[in-house]
Amino acid sequence: MTIINILTVFLVLLGALFSLIAAIGLIRMPDLYTRMQSATKAGTLGVACTAAAAALHFKDTIASMDAIIVVVFFFLTAPVASHLIARASYTSGHRLWSQTIRDDYAESRTSGPDDRPDPEDLSL
Amino acid sequence: MNLFAPTLGADSVIEDALFLLIDAGIILISLATVMCLYRIIKGPTLVDRGLASDTVAVQIAGLILLLSIRFETLVTFDAVLIVSILGFVSTLAFAQFIGRRGAAQ
């Protein structure tokens, strides 16, 4: 019974709570994109807290490195995956929620390539 | 009370309490996985189901981590990496599928 055990249990409960929040958001949110925001951020944070708890709990150095690798992997891949799903669903015609107030991607798509600044003007 | 905890040492009661809290974490993550399964079954569109299955992969990785803490074993750490890599690659393939289907329409 050390301070490590208390930290481990705290991180485990925090990670489980974040996973539960992600699932609740996945059920309760009105729209695909808001659901994606909840599931990606809270879910990644939940598994990161759990992996940090595992890295604290095991005294083995290689196991702790393995858990840190899991954290880094999730922090690298979760934004890529959610970005790809959001982009594919937007381009395949999945509409936003009716009360969404901003759609920057639609503006940047409708204002064609002519509105972009000339690349030669950007050179200092 | 706790069938799997090693009951040796003077502070085994506190260790029992710690294992109970870790059991509570396992139950919470399992509940979250069941809620994601509800979204997979009910989800109005195909993209919702893909997103929910991606979340299920993430939460199963967390569940395997919790089980490895609970049973004091290091064997399942490679399973965590494999599950996370499989979830990422399946999400990429799913996004490709959605994009091609949208382009074909």
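Helices (H or I, at least four residues) and strands (E, at least two) are taken as DSSP runs and numbered from the N terminus. The model is a predicted one, in which local features need pLDDT of at least 70, side-chain atom pairs count only at pLDDT 80 or more, and totals for chains, interfaces and linings use all residues. As for bookkeeping, residues are numbered from 1 along each chain as its sequence is written, chains are lettered from A and ligands numbered from 1 in the order in which they are written, and side-chain values use heavy atoms, with hydrogens and water left out.

Chain B has 105 residues, and 45% of them are buried; buried here means under 20% relative accessible area, exposed means over 50%, and partly exposed is in between (1.4 Å probe, protein chains only). Its accessible surface comes to about 5,500 Å², with 73% belonging to carbon and sulfur atoms. These areas come from the Shrake-Rupley method with a 1.4 Å probe, and for residues only the protein chains shown count as cover. Of the contacts (heavy atoms within 4.5 Å) in chain B between residues at least 6 apart in sequence, 48% join residues at least 24 apart.

Chain A runs α-α-α-α-α from the N terminus on, with five helices and zero strands. Buried residues account for 42% of its 124 residues. The accessible surface of chain A is about 7,300 Å², and carbon and sulfur atoms hold 65% of it. Among chain A contacts with a separation of 6 or more, 58% are between residues 24 or more positions apart.

Now for the helix pairs. Two packed helices are described by the angle between their axes and the distance between the axes. Axes are lines fitted to C-alpha atoms, for helices over the stretch in contact, and angles run from 0 to 180 degrees between N-to-C directions. Within chain B, helix H1 (residues 12-42) packs against helix H2 (residues 46-70) at an angle of about 165°, and the axes are 9 Å apart. Ala, Val, Leu, Ile, Met, Phe, Trp, Tyr, Cys and Pro count as nonpolar, Asp, Glu, Lys and Arg as charged, and the others, Gly among them, as polar.

Between the chains, the axes of H1(A) and H2(B) come within 11 Å and cross at roughly 160°, so this pair is roughly antiparallel too. On the H1(A) side the contact includes Val12(A), Ser19(A) and Leu26(A), while H2(B) brings in residues including Leu51(B), Gln59(B) and Ile69(B). Here the tally is eight nonpolar, three polar and no charged.

Two residues of chain A can be picked out. Ser19(A) sits in helix H1 (residues 3-28) and is buried, at 4% relative accessible area. Beyond its neighbours within four places in sequence, Ser19(A) touches Gly46(A), Ile29(B), Ala32(B) and Gln59(B). Met29(A) lies in the loop between H1 and helix H2 (32-57) of chain A and is partly exposed, at 29% relative accessibility. With neighbours within four places set aside, Met29(A) is in contact with Thr34(A), Arg35(A) and Gln37(A).

Conventions
Parallel < 35°, antiparallel > 145°, perpendicular 65-115°, else oblique.
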